[in-house]
Every structure is written in structure tokens, then in C-alpha cells.
Amino acid sequence: VRSMPEAGWIAWIGVPSDTVYAEANRNAAIAIAGNLAMVGLLFWLAIVLARRIARPIQALERSAQAIATGTLAVRTVAHGPEEIATVARTFNDMAVALEQNAVQLRIAATAFEADAPMVITDANGVIVRVNAACQQTTGYSPAEMIGQTPRLFKSNRHPPDFYQGMWQAITGEGIWHGEIWDKRKDGSEYPALLTITAVRDASGAITHFVGVQIEISERKRYE
């Protein structure tokens with residue numbers, strides 16, 4: 001609005017509102033579009049990252065389930081973020097160790113059921129397991145032997161220092177091998193070649209003792 005008193009009139013100058021707000025509207029539209037684009041980009045990145053993390057985790061889960069059902073040969077692919085890939089590699093190392101242990105257990109189980117009498121004790125010398133050959137040779141049932149110590153088979157043919165030397169060798173060197181006379185449930189004595197081995201854990205502590213003997217009664221008859 002402009003006043004001109006000398007001319008006796010007032011001039012009105014108007015600007016359309018569309019023109020006044022056009023620039024502001026345009027800037028607002030650009031800002032909104034930019035925000036929407038940023039939100040879309042973030043959403044897309046979230047999906048990509050979720051897939052990168054979820055897929056290797058799902059693969060780990062499938063492998064773990066397979067191992068839980070006894071399929072120890074399964075391995076997972078070490079991909080994805082470095083942290084997950086490290087977990088996958090550790091998982092594969094554990095799977096390899098489990099498979100190797102399973103093989104060793106099968107071998108041990110086969111050996112345990114061999115014809116030679118075998119006794120397993122804990123670190124305190126208490127019998128925890130015997131095989132069928134031990135039952136046949138000694139005449140004792142597993143229930144009669146488990147929970148006892150190998151003194152159950154002790155004959156009267158060896159002096160105390162014989163057994164002291166035996167256990168010193170076992171605890172010191174980890175093994176003893178020699179000839180021994182043992183006693184059956186019926187009181188009869190028999191000669192045998194005995195090997196006792198100490199079993200140690202990862203820290204070196206003794207956890208079990210394994211004794212395996214071969215009866216040599218026939219050989220003794222010809223000596």
C-alpha cells in the first residue's frame with residue numbers, strides 16, 4: 001500500500017499468495033522428498049544388514065541341529081560379518097573335534113568288548129566299569145565289582161612293596177606293565193600279564209585308570 005496525498009489517491013500493490021509461498025512450498029517439498037528417500041534408504045539398509053546377519057545365523061542353527069541328531073560330519077559356511085564368521089569357524093573346529101572324539105569312542109568301545117579282561121577305575125581307584133571278559137575271568141558280576149577297588153582281586157603272593165612300586169610307576173610314568181597273580185571269586189589264583197595306564201585330562205590331572213590283563217595260566221604250566 002502506498003499513499004500519494006498530492007494526487008489525492010492511494011495506490012494498492014498486491015502480490016498473489018501463490019507467488020509469495022511458491023518458493024517455500026518448493027523447499028518444503030524437496031525436504032519431504034529428501035526425508036522420504038533417506039527413510040527408504042535406511043529401511044533398505046536395515047533389510048540388507050538383517051539378511052547378512054540372519055542367514056549365517058540360520059545356517060549355524062541348522063548345522064547345530066544336525067549335530068544334535070548325530071550328523072557330526074556337517075559343517076557351516078563361515079560368511080557374513082566377521083564376528084559371525086569367527087563363530088562359524090569356531091563351530092566347525094568344535095564339530096571336527098566332536099567327530100574325532102566319536103571315532104575314538106567307537107574304537108575304545110570295540111577294544112573294551114575284546115576278549116581281554118578290562119577294568120576302569122576313577123582317580124581314587126574305585127571301579128566304575130568292567131567288561132564281559134573280566135566277569136568271565138574273575139567270576140564276579142559287574143554289580144559285585146563296580147564300587148569296589150582292585151584289591152578285590154588281590155592274591156597273597158605279592159609283598160606290599162610290589163604294589164607300592166606299581167602305583168609309583170603308574171602315577172609317575174603313567175603306566176605299569178608286569179606279571180601279577182590275581183584271585184577269582186572262588187578263591188583260586190591265576191597269573192596274568194597286567195598293564196595299567198593312567199588317563200589324564202587336558203590339565204594333566206589323572207581322571208581314570210585302565211587295567212587290561214591277559215591270563216597266562218597255560219604258559220605257566222609249561223615253565
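This is a predicted model: local features need pLDDT of at least 70, side-chain atom pairs count only at pLDDT 80 or more; totals for chains, interfaces and linings use all residues.
View 1. Residues are numbered from 1 along each chain as its sequence is written, and side-chain values use heavy atoms, with hydrogens and water left out. Thr138 sits in helix α3 (helices are DSSP runs of H or I with at least four residues, strands are E runs of at least two, and both are numbered from the N terminus). A polar atom of the Thr138 side chain lies 2.8 Å from the backbone oxygen of Cys134. That pair is a polar contact (N or O atoms within 3.5 Å; within protein, one must be able to donate a hydrogen and the other to accept it, and residues adjacent in sequence count only if both atoms are side-chain atoms). Leaving out residues up to four places away in sequence, Thr138 touches Met145, Phe153, Arg184, Lys185 and Tyr190 (a contact means heavy atoms within 4.5 Å). Thr138 and Lys183 are 45 residues apart in sequence, yet their C-alpha atoms are 7.2 Å apart in space.

**View 2. Glu144 and Lys185, a salt bridge.** In this pair, the closest N and O atoms of Glu144 and Lys185 are 2.7 Å apart. The bridge links distant parts of the chain, with Glu144 in helix α4 and Lys185 in the loop between β5 (175–183) and β6 (189–200), 41 residues apart. The rule here asks for a side-chain nitrogen of Lys or Arg within 4 Å of a carboxyl oxygen of Asp or Glu, and by it the count comes to four salt bridges. Both partners are partly exposed: Glu144 has a relative accessible area of 32%, and Lys185 comes in at 44%.

View 3. Arg157 forms a salt bridge with Glu189, and their closest N and O atoms are 2.7 Å apart. Arg157 is in the loop between α4 and α5 while Glu189 is in strand β6, so distant parts of the chain, 32 residues apart, are linked. Arg157 is partly exposed at 47% relative accessible area, and Glu189 is partly exposed at 27%.

**View 4. Arg184 and Glu215, with one buried partner.** Here the salt bridge has its closest N and O atoms 2.8 Å apart. Arg184 lies in the loop between β5 and β6 and Glu215 in strand β7 (residues 206–215), so the pair ties together parts that are 31 residues apart in sequence. Arg184 is buried, with a relative accessible area of 18%, whereas Glu215 is partly exposed at 35%.

**View 5. His158, tucked into a loop.** Look for His158 in the loop between α4 (142–145) and α5 (160–173). His158 counts as buried, at 16% relative accessibility. A polar atom of the His158 side chain lies 2.9 Å from the backbone nitrogen of Trp181. Setting aside residues up to four places away in sequence, His158 touches Tyr163, Glu179, Ile180 and Trp181.

**View 6. Thr121 and its contacts.** Thr121 is found in strand β3 and is buried, with a relative accessible area of 4%. Not counting residues up to four places away in sequence, Thr121 touches Val126, Ile127, Val128, Pro150, Thr207, His208 and Phe209.

View 7. A pocket, on a 1 Å grid over the protein atoms alone and with a 1.4 Å probe, is an open set of points with protein on both sides within 12 Å along at least five of seven lines; lining residues have an atom within 4 Å of a point. The lining has 26 residues, and Pro150, Arg151, Met166, Trp167 and Ile196 lie nearest the pocket's centre. β3 (118–122), α3 (132–138), α5, β5, β6 and β7 each supply at least two lining residues, and β7 gives the most, with four. By class, the lining has 16 nonpolar, seven polar and three charged residues (nonpolar covers Ala, Val, Leu, Ile, Met, Phe, Trp, Tyr, Cys and Pro, charged covers Asp, Glu, Lys and Arg, and the others, Gly among them, are polar).

Note on methods: Buried means under 20% relative accessible area, exposed over 50%, partly exposed in between (1.4 Å probe, protein chains only).
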